[in-house]
Amino acid sequence: MKSWMSFFLPDDEYREKMMLYFFSESAVILLLSLIGMIIYNHYFDISVVNALLISILIFLIYITGRYVVSGIEYTDVTTDKAYRKELKVIAIRVIGFFVILISVYLLLEGSDKWLKLILLTLSASIIWFFASLISLKRSYNKNKDLL
Amino acid sequence: MKNNVKIARIKASLKQEQLASRTGVTRQTIGLIEKGNYNPSLQLCVAIAKALNKTLDDLFWEVE
């Protein structure tokens, strides 16, 4: 079946099906939260920007969270050796992200707000690392059961 | 869904990884199908049957 949505979906049919479930679940939760916000707005004031930001966050966090805990990201990690190798790749990727982002920002913007920037980048890197770690662990456990 | 994919794969001396690459899916998907935890599409059933030189009946038809 042709759909522009297939651009965002993986080629593997199981992963594709799971991603479609996550998108659908997230859309339903988003709809319910929007209805909740309309009711909330009837009694209390909520700014449009806040409502939009909350909606976007609900949609993205739900899909990301479901993807991370589903264990479908690292489909080929079945041995302890492969697990450790992938863990190293994740660590290098996250450290690379941190160093490149800090370097680019300092080059372009100077060092006025460096502490704030370092804390922000560090937080993002830590969250990314732990999300990848959980995803890897879940994938590894799932794959081991399927051997 | 119960099936004979694992038995047929072992008889064909193929690893999950090899069957996965021949059918264009991931190793995890092959594992899930073998365990009966995922029902593949007809297209994938045919691809698996062709890769293992079996018919759909041999792999997916339950006989009492």
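Two residues are in contact if their C-beta atoms, placed from the backbone, lie within 7 Å. By that criterion, 54% of the contacts in chain B with a separation of 6 or more are between residues 24 or more positions apart. The model under discussion is a predicted one.

Chain B is built from 5 helices and 0 strands, and its elements follow the order α-α-α-α-α from the N terminus on. The C-alpha trace of this chain spans about 30 × 20 × 20 Å along its principal axes. A compact globule of 64 residues would have a radius of gyration near 11 Å, and because chain B has 10 Å, the two agree. Of the 64 residues in chain B, 36% are buried.

Helix H3 of chain B, residues 27-35, deserves a separate look. The buried stretch takes in Arg27(B), Gln28(B), Thr29(B), Ile30(B), Gly31(B), Leu32(B), Ile33(B) and Glu34(B).

The surroundings of H3(B) come from both chains. From chain A, helix H1 (13-43) and helix H4 (114-145) pack against its buried residues. After H3(B) comes Gly36(B), which has a positive phi, near 80 degrees.

Definitions and conventions
Residues numbered from 1 in each chain as written. Chains lettered and ligands numbered in written order. Predicted model: local features only at pLDDT ≥ 70, side-chain atom pairs only at ≥ 80, totals over all residues. Buried ≥ 20, exposed ≤ 12 C-beta atoms within 10 Å, placed from the backbone. Helix = DSSP H or I, 4+ residues; strand = E, 2+ residues; numbered from the N terminus. Rg over C-alpha atoms; globule rule 2.2 N^0.38 Å.
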